[in-house]
Amino acid sequence: MGNNIYDNQKSIQELKAGDKIDAFVLVKSYDVKKTTAGKLYVDLNLVDRTGEINAKIWENPKASEEILVENSIVKVRGEILEWGGALQLKVNKIRALLENENIQISQLVPSAPIEPNEMLKEVKDFADKIKDIQIRTLVNNILEKYNNKLLFYPAAKKNHHSYRGGLLYHVLRMLKTGEMISMIYGSLNTDYIFAGVILHDICKVLEMDSDDFGVVSDYTMEGKLLGHIIQGVKEIEIEGEKIGLDREKSIVLQHMILSHHYEPEYGSPKKPMTIESEVLHYLDIIDARMFDFENVLKGVEEGRFSDRVWVLDNRSVYKPIDNNIK
Ligand SMILES: [Fe+2]
Ligand SMILES: [Fe+2]
């Protein structure tokens, strides 16, 4: 079986009609369908870190179907065709991952650079640093409640951290920055900083519908009508009541969530009115901006400017010769 005609280096984004591939991909979804002539075939969507492609299995669809499991890794061999203006993979061979093939889902879907379990552990370590027992209990209870979703949720549908584990990554970087800032400004109460950061976007798990790949298909009905800010405020009210959280602390935390977008046109009906809520807003902005810059500059050569970037107010940004972007 000479597989030299197959290319196992190309990512989905790089594929062109006529390419032959032999690669590990993730089965996002599959379905057995019938042509108008009554012939059965498998229609499937495959993904890797860079994108998604539709594929068809014409030969022996029943046998192939037996090895297919959604969200599982398979090895496919086939050729790329163009069909109706889109690329399609005609599968010649497909098999499940072998036991000795050590490939993780995170290698095949766009993901945060740190393993979700590791990030969640670090976030929980920050929660444990909260000195006030009531606030610590509140934060731990909410983290526990959404534990499973946090392991794969992105921070957004598009824009910053819109990949698997993005929400945890966003929160973790904000916690680390928040801890540093609190060392400089002793006037800050780290209990509120840590709790506010952990809870500020947590209701994105209720606002958006994400699959296990961190891909958001849509906002939920509740997300569309309320949004993660109001959902987050309600969450603190409800979970706070359950543990008899002191009223003043509950309101101070609710205000942090309420004001973190700063402007009414971005969803915050009140501007920050506590010192920690002011800082929370800037921690959020710093991390979102860092993500956008890093993301854009990855694709820019040293000594060159990027194209105009919509999320950066249409700026074109420059990548100096000596830089740390990888
Ligand atoms: Fe937010
Ligand atoms: Fe945020």
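**View 1. Strands E3 and E5 pair side by side in this predicted model.** Strand E3, which covers residues 52-57, runs parallel to strand E5, which covers residues 86-96, and three bridges join them. Along this pairing, Asn54 stands opposite Gln88 in E5, while Lys56 stands opposite Lys90 in E5. As background, the strands of a sheet pair through backbone hydrogen bonds, and they may do so in either a parallel or an antiparallel way.

**View 2. Strands E4 and E5 form a hairpin.** Strand E4, made of residues 73-83, runs antiparallel to E5, and 10 bridges join the two. One of the residue pairs to look for is Glu82 with its bridge partner in E5, Leu87. Two residues lie between the strands of this hairpin, in which Gly84 takes a positive phi near 60 degrees.

**View 3. Five strands close into a barrel.** The order of the strands around the barrel is E1-E2-E3-E5-E4, and their pairing is mixed. From one strand to the next, the twist averages 50 degrees.

**View 4. Helix H11 and the elements that its buried residues pack against.** Helix H11 has 24 residues, 275-298, and should span 34 Å because each residue is counted at 1.5 Å; its end C-alpha atoms are 35 Å apart, which agrees. Among the buried residues of H11 are Val279, Leu280, Leu283, Phe291 and Leu297, together with Glu276, Asp284 and Asp287. The buried residues of this helix pack against helices H5 (166-184), H6 (190-200) and H10 (247-259), and also against strands E8 (304-309) and E9 (315-319).

Conventions
Residues numbered from 1 in each chain as written. Chains lettered and ligands numbered in written order. Predicted model: local features only at pLDDT ≥ 70, side-chain atom pairs only at ≥ 80, totals over all residues. Pairing = 2+ DSSP bridges. Helix = DSSP H or I, 4+ residues; strand = E, 2+ residues; numbered from the N terminus. Expected span 1.5 Å × (residues − 1). Buried ≥ 20, exposed ≤ 12 C-beta atoms within 10 Å, placed from the backbone. Contact = placed C-beta atoms within 7 Å. Axes fitted to C-alpha atoms, helices over the stretch in contact; angles between N-to-C directions.
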